[in-house]
Amino acid sequence: MMELDRATAPLRQRDAWEGQDLGFALARAWFLPLWLLWWLSVLPVGVACLFLTGFRPDLWLLALWWLKPIYEGPLLIWASRALFGERLGWSDLKTLFRAGVPRRLLPYLLWRRIGMRRSFLMPLTLLEGLQGRAARARRQVMSNGSGVTFWLTLVCYHFEIILWSSLLLGVFFLVPQELPRLDLIAAVTDDASWAYWVSVLAYVFAFSIVAPFYVCAGFALYLSRRTELEAWDLELAFKAARATLAEAARGEAQRPKGGRVGGAATLVLMAGVALLASAGVEADPRSDPDQAKALIAEVLAEPDFGSVKEIDVWVPIESAEDEADPLKLPEGAKPVLLLLASSLKWILLGLAVAGLVLLLVRILRDRRRLGWSLGRARRPTRAPPTESVPMVEARLPADIAQAVRACLRDGDRRGALSLLYRASLAHLQFMGVEVPEGATEGECLRLAARTLSQAQMGPLRQVIRAWQGFAYAHCVPNDAFLESLIDAWAQWAAGGQEPA
Amino acid sequence: MNTTGDQAGQLSLEQASAKLEALEAMIARAVIGQNQVIRESVVALVAAGHVLLEGLPGVGKTLLVRAMAAAMGGRFSRIQFTPDLMPSDVTGHAMLDLKSEEFRIRRGPIFCNLLLGDEINRAPAKTQSALLEAMQEQQVTIEGRALPLAPPFLVFATQNPIEQEGTYPLPQAQIDRFLLKVFVDYPDEREEIAMVRQATQGQVGDQLDTSRVEQVLSTQDLEAIQRIAASLEMDDSILGYAVRLVRTARDWQGIETGPGPRATLALVRAARGHALASGNGFVTPDDIKVMAPSVLRHRLKLTADLEIEGYQPDDVLRDLLAGVPAPRV
């Protein structure tokens, strides 16, 4: 049984576009954990693919691109738990990967890999675990109205390309001229050049940025569809209404039956409103596909589409000698330079690894201060108990008046007035006035005045003034006044309504 | 309860309370309704703290400060913060006097007793910093010369919660220098009718009318009142309550970054001001609790979850104030 009221995002009926907005909002909120999780998933796969593809960057990128569903599974599982307030941490990585990369993911690496509804269908596979005919039926029911996932996938692809090209252009424009320039043509065509590797790494980085948004948007669409089908919003509304009515029923148990009839009538009315609202759903108007095809063919037949133009250009022919050794290095310099380059490569690699380790250490150390973690969310504390905090519920003696007089005899005036004040609050609660723990003296008086008549309030005002005067202004009341106050209080507590 | 006044200066506690009551009444002549806003602004005056006024355009933020300036006397300046405003436009600058062939300091509008900084978030960070440094240090440095600002020096800055495009939001460290953040909301229907009647009866154009406001306070009176407020009786249990509120806010569910110790100081100062403005000679937990939202709301940051849900700091503070036990022993 899903505990919908634990959801950390509002569950209500949304159209597909709103659903995507929710997904993007969730991705923004959880971006760092999701992004780290994506890298944790991709690193072992990436290293394995690097060897399997023989260090060919184009094949490596293709493999990483093709295996995207493997990295998206753990993200989806993490997001589904986080929605209900459970933050999976480092210790749960094994569970995450076990739940996020099952054998059922295989179709997503084969025929569904090139489909446009991956982000929407993956929650069905991973979170519901249906198989065979039941899974097909479920997909059919859920998929109605999921056309927006096409646009989601398309837009995410475009964002990947925009990010990738931005990174490349950023490197191209920002690297100083004295350093080796990034050859933009080689970055996209020459797979043997270092520029191509930069380009590939930039693309992988773009994957990592877009993936959390893609997964969360698909997940939010799935949530929106389930909310629509299973009326989660109504369930939550009824739960809230039931809680409100139960609270009202507890508080007003002494009322005649009319009140209960009113509560039941409210429930019936709410159900009626919900049914009326759902009755407004209209059929989806569709155009004739044959007409649309004919129209498309007509448009494509226009001269603006499909025309071919041949252009001849001059290409410079360079000498083979220049291509072989463009730098014309002197004899003996080449081995030295190669040795230097090789040493430099290993030094740079070492520095990069050390930097990465340092970065990880800093991140782990400062994750609490940075306000995010893969670990369990910090348990929120409400009011931390402190020793000096006195509660109104502190044990009160059976005979208040006698205890107050005893305090006065001992010279403990503060204790006496405090006891009288706390006993007054307890008596107010007995009379049906709810006094919260955080209510101050002024608020207690206002709460009492709202519910009780002037006569019913008895000596409350005088008790509070005496207490405030003594406790905060250190004005000592005389014994005669205190004695009369105690008498008036005793009379009030005994049921009399005579003010002091 | 006259002893406090005797020690503080020429005013007694009763006189100080009466003057503050008159000040509130005088401001209310120009600003119809908004009693809570007027009270909080007066509390800031008494506590010698700066105020960040936030509200939609046309709810009376500028009018409030103009009316306050008219009622309390002293020098009043207004700066309209714009993206091209320079720090020297605020603080002043050195200029060459061609007659004497010497540099002369030309003091900026900041040299006043009450400064209205309209739409403070429209100016770039550099200009904001110039103002906020003066707020903190009560002095301005021009060409290496430190020029003290004559007390009382109070800043009322306004900002608009909408139209955030092209603005420079104040950083948390600088926002912390405002004693209070006061929300100016729409008036209710009855107040709005009274306000429209007053603002249109015999009035040509839409100038801010403070002609009915008379001066009821001098800067000397205000300084004396500030001293009286600072020496009001305050029991340790009240201090404990203030500290407990602020400390609880740091660990409270839904608060990402809680208020610092400066918030506790501000809360106690504001509570003293509120007690005096209420006519009391001592501070009670009610004073702390009433002032807590305006002291704390700009000093805490909500978690992402609550921000996504659309919660405001005041919603969280309401729960917090109800949950922290008030002193009862």
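Visitor: Where do I begin with strands?

Guide: Two strands pair if DSSP finds at least two bridges between them. Strands (E, at least two residues) and helices (H or I, at least four) are DSSP runs, numbered from the N terminus. In this predicted model, local features need pLDDT of at least 70, side-chain atom pairs count only at pLDDT 80 or more, and totals for chains, interfaces and linings use all residues. Residues are numbered from 1 along each chain as its sequence is written, with chains lettered from A and ligands numbered from 1 in the order in which they are written.

Visitor: How many bridges join β5 to β8 in chain B?

Guide: Strands of a sheet pair through backbone hydrogen bonds, either parallel or antiparallel. Here β5 (114–118) and β8 (154–159) of chain B run parallel, joined by four bridges. Leu115(B), for instance, has Val155(B) in β8(B) as its bridge partner.

Visitor: What is the strand order of the open sheet in chain B?

Guide: Its five strands follow β2-β5-β8-β1-β9, with parallel pairing. At the edges are β2 (76–80) and β9 (180–184) of chain B, each pairing on one side only.

Visitor: And in chain A, at what angle do helices α1 and α11 pack?

Guide: Axes are lines fitted to C-alpha atoms, for helices over the stretch in contact, and angles run from 0 to 180 degrees between N-to-C directions. For α1 (16–29) and α11 (194–230) of chain A the angle is about 135 degrees, with the axes 7 Å apart. That makes α1(A) oblique to α11(A); under 35 degrees counts as roughly parallel, over 145 as roughly antiparallel, 65 to 115 as roughly perpendicular and the rest as oblique.
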